[in-house]
Amino acid sequence: MYNIIKNEWQALIHNKRLIGPLGGISLLLVVIAYFGVQDAKSNQNKKQQAKEEIRQQWESIGDYNPHGAAHYGTYTFKPTTALTALDNGINNTVGTVLQLEGHRQNEIIHSPDSQSLMLSRFGTLKPAVVLQFIIPLLLIFLAFASVSSEKEQGRLKLLLMQGVSSRKLLFSKTISYWIIGVIILLITLGIQLLLFSSDTQGDLLNRLLLLFVFYAVFYWIVCAITVYLSAALKNNTAALTSMLALWVLWVIFLPKIAGAFSEETHPLPSRQAFSAAMQEDRSKGIDGHNPLSEQEEKLKDSVLQVYNVEIVDDLPINFDGLVMQADEDFGAKVWDKHFGALETTILQQKKAYQWSGLINPFASLQSLSMGLAGTDNWHHTHFQQEAETYRRVFIKTLNDHHAFGGSKTGDWGWTANQEFYNSISDFDYETPAINQALAVYKTDMAFMGLWFIGSFFLLLFANPKNTHS
Amino acid sequence: MNLISTLKYEILHIVRNSYKLIAILLFLIVSVYGLHNGSALYNERNSEIKTIKDKSTTLQEDAFEWYEKGLKGPEERPWVDVSTPFWAIWYANHQVIDEPNPLMTYSIGQAEQFGYYKRVSMWSTAYDKDLTAEISNPERVAIGSLDFSFVWLFLMPLLLIVLTYSIHGLERDLGFTKLLSVQESNLKSWIAKRFLAIGIFATVILVLLIAIPALLGGYMGSHFSEIALLFIYKFFYLLFWLFLLALISFYGKGQTDAALKMVGLWLVLTIVLPGLIHQYISLKHPPGFMMEIINAQRDDREQIYDMELDSVKQTVFETYPALRESKLATTDSLVTQPARNGMYRTALNLHMSKVINNVMANQQDRNNVVRKTYFINPVIAFQNRINAIAKTDFDTNQNYRKKIQEAATKINKQLILDEWNAKEVDEAHFRNYVNLLSDE
C-alpha cells in the first residue's frame, strides 16, 4: 500500500497540470485565512468600541425617570467568534444590532448584506468556502484518472497480475489523494489556531478538532467515490464528467432545492400575520400605557388590598411601576409563545434540510461547519435568547426602582440618580460550549458517518477487473 | 459545413448523448423552478400589500366615521382627539410601500433582505427597526434562493461546459485533428461555428424562458423595454461565456484538459473572485452598526430636547419660513405644550433626515467601490445590472428608504404648520391628511 501511495505522490509531483492549481489553492487558502482572521479581529474591535460607546451613554444618562430609561434602553451587538474567520455562516444575512428596551422584544437588524449592492452569491471568500467548494473539486481533478488511466494504458492488468489486490489498489489510491486534502485542511485550521492563539480555549480547540474530523470525512467520501468511478467507468472523461455532475448536484443544486423544499413544507408566517397575531394576544393583557384597561383595574384592586388603602394616591409605592412590570410580564408570555413558535418552525425547517444529507453529504458538512464555527442559526438564536433574558432583568430592575424607589403614583417627573443606573451591569455574552449545540447536529453527524461507511464499503466491494478495462 | 448544418449536427449530437440531454433537461427544470420561485415571491408580496392597504383603508374609514358621528376617537382611547392635527394625522395611517416589479420573476436579487412596507408617522425614519425583511430562515437565506438569474448566471455556464468541453477536445483525444484540418479549411472557424450553434440553441432557450412567463403574467406589453434590456444583458452574458469557452476549446489539449480549465474558470469567475472582492470590501469598507443613527436617536435627541424653545424654533423656522407667520408664532401666549412638543419633534425629524442622508452617502461610497471592481468581477456586475432591471437591488431599496424619510418629513411639515396655526381638523381636512402622500 505504501508503495502505491508513494508512486501516486511521485506522479502528482511530476504532473505540472495539477501541481500549479494545487500550489495556487494552497497559497489562496493561506492568504484568505490571514485576511479572514484580520477581518474577524477588526470586527471584534469595532463591536467592542460600539459596546463601550453605548455603555458610556448609559453611564452618563444622569438623573432620569426609570421608565424613561427603559424607553432609552440599550443596544447590543452580535458577537464575532474566533471561528467566524473560518466560516462566516449566516453572519452576512442576519442583523448585527439589537435594541433592548421596554415594552417590546426587538429583532436584530442591519445585516451586512443589506448595506450594499450584491457582492457574491456564495459569500465572502472565507477558508470554509475554499474547503467546501474548491478542495473537493481539486480532489476530484486529482483522482478522476487514478484507476481509469491505469486501465487506458494497460497497467491495471499488470498491477493485478503482480499480486496487488484490487481492494488494496483502490484504498491506496483513495488514501493518497485524501492525505492531500487532509494536509490542506491541517494548514488552514493551523493558521486559525496560530492567529487566534491568544484566544485559544478548550472550546475553540474542541470546535477545531471536530471541524477537522468532519471535513476529513467529507474529503474521504469525495476521494473514495472518485476513485470508485474511475475504476467503474470506461475512461477518464466518463469518470471526470460523472464526478463533476455529482459535485454540481451536491454543491449547487441540492442545497438550494432542499432549502426551498424545507421552507415550503414548514412555512413561516408573513411578518404582517405574525405581528397581527402577536398584537391580538397582546391586546388581551395589560397595556402599560393604557390606564383604562380592565386588567389594570384588577391589578389596582389587588394592590390596594395588599396595602390596605382605598386609592392609589395613598399607596406608599408607585403603582405605575407595577403596571409597567405587569405589562412586561404579560408581554413576555406573548413573545415566548410567538417567537417560540417561529423558532420551532425554523428548527423543523432545519431538520427537514438536514435529511437532504441522506443524498448529499455536502449539506451535512455545510451545516456542521457553520454549527461548529458558531455562525449558524442555533448560535444566533442563543445570542438573541440570552439578550432577551438580560432585557427582562434590565427592564424589571428599572420598573422595580420606579415602583419601590421612593416615588409616588403619577409622579413621572421623579428621577433615579446616575449611581443607580451605573449599578445595572452591561450585557456580556459568551458563546456556548460546543457540546450544547451538538444535539442539533445529530442527523448531520449520522449521515456523514453513513456516507463514510458507505464509501468504505464501496471501495471494499468494487472490483476494477469486472469493469470496462 | 455551413452554420445550419452545424446547428443540425449539434442538435443531433445532443439528442444522441444521454449525458448532455439530461443536463439540458435538468437545466430547463431548474430554470422553470427558478422562475416559479420569483413569480411566487412577486405574488406573495402583492398579496401582503393588498392586505396592508385594505387594513389601512379600514382604519381610515373608522376615522371618517368618527368625524361623521362627531366622536373624538376610539371609545377605548378617550385621550385621542382627532380634531387635533396630531391625532388626526396619526389616524390618517400613511403607508409607504415598495411595490414589487413583475420582473422579480426573473431575479429575486436582494429583495429578500429588505422590508417593503411601512406605516410612516411623524416619528418615522428610513432605518426604523420595523422596516425589516420578511420572516425567513437565515440559513436558507445564506444558502441563497434559486431564482432564474442564479440559473442563468451560474448554472448556464456549467451547461455550456457540458455541451462544449468535447468540441475539438474529442478530435484531439482521438487524433483526428489533422483530418479535421483537411476537411475544414479553417480550424478556428470550425470551432466558432460549433460554438455559435450552441449559442443559437441557448439563445432560443433564453428567449422562451424570458418570453413565456411575461406572456403568461400579462406584463409583456407594459414592461417590454425592461424585458428587452434583461434579454440583452443575459444574451451578452451568454456571448461572454461562449467566447471564453471557445478560447479554451481552441487552445485545449483534449477533453479532460478542456473540462478542467473550463470548470476552473467557472470556479474563479463565480466563486473565487466575487468572494475575494467581498472579503476585500468588508475589510476596506466594513458594514456599519448604524451608530450614527443610534447616536442621533439618543444623544442628539437629548440635546435637542434640552435646548430652549426659541433656539429650536429658529432652526425649524429657517427650514419652514411659513411658520413665522403662524398664529402661535405671532402670539406667544397661545403656545401650548403639544405645540412645543411639535416644534421639538420637527427639529428632531430635520436632524434625523440629515443623519440619514449621511448614512446613505456612506453606503453609496461603499457601492462605488463595488462598482469599480466590476471589470474584474463580471459575473456580479451582470447580477447587479439584472437586479437593477428587476428592481430587486440595493439602489431600489435605497430609493424606497428615501421615500420613507421624505414622507416622514412631509407629515411633520404639515403637522407643525397645522399645530402652530391652531388648526381644528374636520372631515375635509382629514381627507387632505389621508391624501398627503398620494403622490409618493
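This is a predicted model: local features need pLDDT of at least 70, side-chain atom pairs count only at pLDDT 80 or more; totals for chains, interfaces and linings use all residues.
Local features are taken where pLDDT is at least 70 and side-chain atom pairs where pLDDT is 80 or more, while totals for chains, interfaces and linings use all residues. Residues are numbered from 1 along each chain as its sequence is written, and chains are lettered from A, with ligands numbered from 1, in the order in which they are written.

The account opens with the contact between the chains. Chain A contributes 74 residues and chain B 65 residues, two residues being in contact if their C-beta atoms, placed from the backbone, lie within 7 Å. On the side of chain B that touches chain A, the elements giving two or more residues include α2 (18–69), α10 (255–284) and α14 (337–372) of chain B. Here helices (H or I, at least four residues) and strands (E, at least two) are DSSP runs, numbered from the N terminus. The largest share of this side of chain B, 18 residues, is supplied by α10(B). By class, the side of chain B that touches chain A holds 34 nonpolar, 21 polar and 10 charged residues. In this classification Ala, Val, Leu, Ile, Met, Phe, Trp, Tyr, Cys and Pro are nonpolar, Asp, Glu, Lys and Arg are charged, and the others, Gly among them, are polar.

Chain A contains an open sheet of three strands in the order β1-β2-β3, with antiparallel pairing; two strands pair if DSSP finds at least two bridges between them. Its edge strands are β1 (74–77) and β3 (104–105) of chain A, each of which pairs on one side only. Strand β2 (residues 97–101) of chain A is joined to β3(A) by two bridges, and A:Leu100 stands opposite A:Gln105 in β3(A). Helix α14 (residues 377–404) of chain A packs on this sheet, touching β1, β2 and β3 of chain A, and its direction makes about 25° with that of β2(A). Axes are lines fitted to C-alpha atoms, for helices over the stretch in contact, and angles run from 0 to 180 degrees between N-to-C directions.

In chain B, β1(B) and strand β2 (residues 117–120) pair in the antiparallel sense over four bridges. In a regular strand the side chains alternate between the two faces of the sheet. A residue is buried if 20 or more other C-beta atoms lie within 10 Å of its own, exposed if 12 or fewer, and partly exposed in between, with C-beta atoms placed from the backbone. B:Ile97 stands opposite B:Tyr117 in β2(B).

Attention now turns to helix packing in chain B. The axes of helix α9 (residues 224–251) of chain B and α15(B) come within 10 Å and cross at roughly 170°. The two helices are therefore roughly antiparallel, a term for angles over 145 degrees. Residues making the contact include B:Tyr233 and B:Phe240 of α9(B) and B:Phe382 and B:Ile386 of α15(B). By class, this contact has nine nonpolar, no polar and two charged residues.

Finally, the largest nonpolar core has 225 residues, of which A:Leu139, A:Cys223, A:Tyr228 and B:Leu160 touch the most other members. Such a core is a set of buried Ala, Val, Leu, Ile, Met, Phe, Trp, Tyr and Cys residues joined through C-beta atoms within 7 Å. Helix α8 (residues 202–232) of chain A gives the largest share of this core, 18 residues.

Terms used: Angles under 35 degrees count as roughly parallel, over 145 as roughly antiparallel, 65 to 115 as roughly perpendicular and the rest as oblique.
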